[in-house]
Amino acid sequence: MGLRQLVICLGDQLNADAAVFDNFDRDHDAVWMAEVPEEATHVWSHKARIALFLSAMRHFAEGLGEGGTTVHYHRLDADRAQTLGEALSADLARLNPAHVLVTQPGDYRVLQQLRGAVRRAGKRLVVVRDRQFFDSPEGFRLWARERKRLRLEDYYRAMRFDRHVLMDGDQPVGGSWNLDHQNRRSFGREGPGMLPAPKSFQHDAITREVLALVEARYADHPGRLDHFDWPVTQEQAREALADFVDHRLPAFGPYQDALWMDEPWLYHSRLAAAMNLKLLSPRVAVDAAEQAYREGRAPLQSVEGFIRQVLGWREFVRGIYWLHMPGYLDNNALEATHPLPGFFWTGETDMTCLRQSVGQTLDHGYAHHIQRLMITGLYTLMLGVEPRRVHEWYLAVYVDAVEWVEAPNTLGMSQFADDGLLASKPYCASGKYVQRMSNYCQHCAYKPEQRSGDTACPFTALYWDFLIRHEDRLRRNPRTALQVRNLQRLGDEERTAIQDTADAHRRTVLGG
Ligand code: FAD
Ligand code: SF4
């Protein structure tokens with residue numbers, strides 16, 4: 001008897017409890033997995049991002065094989081197929097399965113490729129709901145259909161209510177849905193003090209082999225591998241979660257937005273990659289955080305802050321992605337056209353905040369949210385970099401980057417390219433914000449309070465230049481109207497000086 005079901009398992013679908021396995025019969029069905037060059041090169045991927053996907057895929061395939069499942073696995077170093085579509089086409093002709101199934105992919109491009117390959121083989125691709133998420137694209141669409149404006153806060157409250165997360169009956173635990181106002185602390189002069197080091201995972205034979213392969217084959221790609229210590233199995237992901245809940249969750253909330261020199265992790269969870277590859281269920285992560293609160297091991301402000309990110313933002317951005325693809329990537333509401341400065345790939349800049357954020361990104365494939373939003377993202381927004389180029393960078397350099405979550409965060413939240421679909425206002429701020437939230441400016445030659453001149457902080461000059469360039473649009477938005485009103489305090493001479501400083505900075509970092 002021929003093959004009954006071929007279950008496609010992508011690099012970000014590494015979970016044997018997925019619905020796609022519900023009717024899996026080892027005697028008649030098989031799993032299909034492929035490492036292909038295009039997934040490492042369609043954007044110029046960080047070495048650690050490639051290594052994480054390959055190592056986690058190989059561990060997962062090995063586990064399936066040990067359990068008696070047949071896995072048709074394409075290895076990068078032993079195959080000529082360039083794309084997932086090519087590799088799949090060849091196997092469909094050879095294996096001729098009666099049915100082909102896949103969990104809803106995290107990337108529109110990949111879904112189209114798989115659909116094309118399966119159609120060309122004269123078959124139909126069955127796309128199965130990804131139950132690792134709390135919501136589905138269809139559920140989000142229904143929620144969105146009833147609303148004029150889509151706002152995280154409304155969605156988050158509905159999700160908490162419907163999924164009964166952090167609730168006492170029909171009321172939010174503690175009486176308040178949102179504790180953000182308690183979660184904006186900086187470390188002050190004394191700094192964060194001794195921070196708990198996150199759990200680090202040793203390399204086994206599979207990871208060592210993958211690291212050597214990536215180092216040899218992708219030597220010219222950005223980033224380095226000598227710090228690679230990410231969880232690559234479900235067991236390790238659960239250990240990473242326990243480590244976070246025990247040691248960093250209690251202070252996660254208050255210091256969520258803080259930044260500090262040479263401290264890449266602070267109190268952040270480092271769990272996004274494990275959740276995005278499906279090594280860790282977000283439900284398990286949310287339950288563990290809620291349990292810590294109920295047992296008195298973590299304060300409400302931290303637990304609510306964490307749950308807001310995972311149950312709120314993570315699900316919300318996925319809904320936005322599937323509601324607006326494929327056109328979403330072409331958005332450019334602010335008509336920004338500049339290229340990405342070269343130092344985004346090297347970290348070589350005299351702006352300390354950017355040197356730190358880009359530097360640790362290249363070292364680890366990681367930066368925390370405020371570094372992504374209020375350092376690298378804020379800078380490209382105000383410099384006027386074309387959003388598509390910014391999107392390609394973010395998709396390339398983070399170990400947790402998968403398009404469904406990266407694109408709305410970059411194009412919507414950070415670059416305002418979608419004209420307010422996701423965020424109610426552009427996140428624009430001057431160097432004074434960075435000064436307030438970090439100690440970066442104390443180690444920088446520029447002056448955050450200065451708007452023009454040679455020693456003016458580029459963020460501050462670009463901020464005022466941004467307000468001038470987008471004055472009309474920002475005045476119409478009630479959330480930015482106040483910021484624009486401050487422009488009235490500037491005389492013509494000062495406006496010109498600011499714009500000259502911003503232009504000179506653009507020439508320095510972009511050439512020309
Ligand atoms: P923590 O700070 O510990 O947060 C806990 C968890 O909440 C994260 O693991 C993540 O799963 C979730 N979360 C937090 N914020 C968000 C958010 N805005 N959207 C979705 N989930 C969120 N996240 C990705 O997973 N992949 C990306 O490619 C990605 N690209 C981003 C690009 C930009 C420009 C910005 C501003 C944010 C991006 N984020 C992305 C969201 C967020 O920055 C990362 O999830 C977070 O920094 C990962 O580190 P962590 O696991 O230590 O998170
Ligand atoms: Fe960044 Fe400006 Fe502060 Fe320097 S002074 S670290 S460029 S915000």
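Contact here means heavy atoms within 4.5 Å. I start my notebook with that, and with a reminder that this is a predicted model, where local features need pLDDT of at least 70, side-chain atom pairs count only at pLDDT 80 or more, and totals for chains, interfaces and linings use all residues. Residues are numbered from 1 along each chain as its sequence is written, chains are lettered from A and ligands numbered from 1 in the order written, and side-chain values use heavy atoms, without hydrogens and water.

**Entry 1: the whole chain**

I looked up the contacts between residues at least 6 apart in sequence, and 76% of them join residues at least 24 apart. I then counted 21 helices and 7 strands in the chain; these are DSSP runs (helices H or I, at least four residues; strands E, at least two), numbered from the N terminus.

How does the radius of gyration agree with a compact globule? The chain has 23 Å, which agrees because a compact globule with 512 residues would have one near 24 Å. That radius is taken over C-alpha atoms, and the globule rule is 2.2 Å times the number of residues to the power 0.38. Along the principal axes, the C-alpha atoms fill a box of roughly 80 × 55 × 45 Å.

**Entry 2: the inside**

I found that 60% of the 512 residues are buried (under 20% relative accessible area, with a 1.4 Å probe and protein chains only). Next I looked for nonpolar cores, meaning sets of buried Ala, Val, Leu, Ile, Met, Phe, Trp, Tyr and Cys residues joined through side-chain atoms within 4.5 Å. The largest has 171 residues, and L249, F316 and Y379 have the most contacts inside it. Helix α12 (residues 300-324) gives the most to this core, 12 residues. A second, separate core has 8 residues, including L195, W260, L266 and Y267.

**Entry 3: a histidine in a loop**

I found H268 in the loop between α9 (249-252) and α10 (272-276). Is H268 buried or exposed? H268 counts as buried because its relative accessibility is 7%. Leaving aside neighbours within four places in sequence, H268 is in contact with F244, R248, F252, Q256, Y366 and H368.

I looked at α18 (residues 458-469) and α21 (residues 492-510), whose axes come within 9 Å and cross at roughly 115°. Axes are lines fitted to C-alpha atoms, for helices over the stretch in contact, and angles run from 0 to 180 degrees between N-to-C directions. Among the residues making the contact are W464 and I468 of α18 and I498 and H505 of α21.

How values were computed
Buried < 20%, exposed > 50% of the residue type's maximum accessible area, 1.4 Å probe, protein only.
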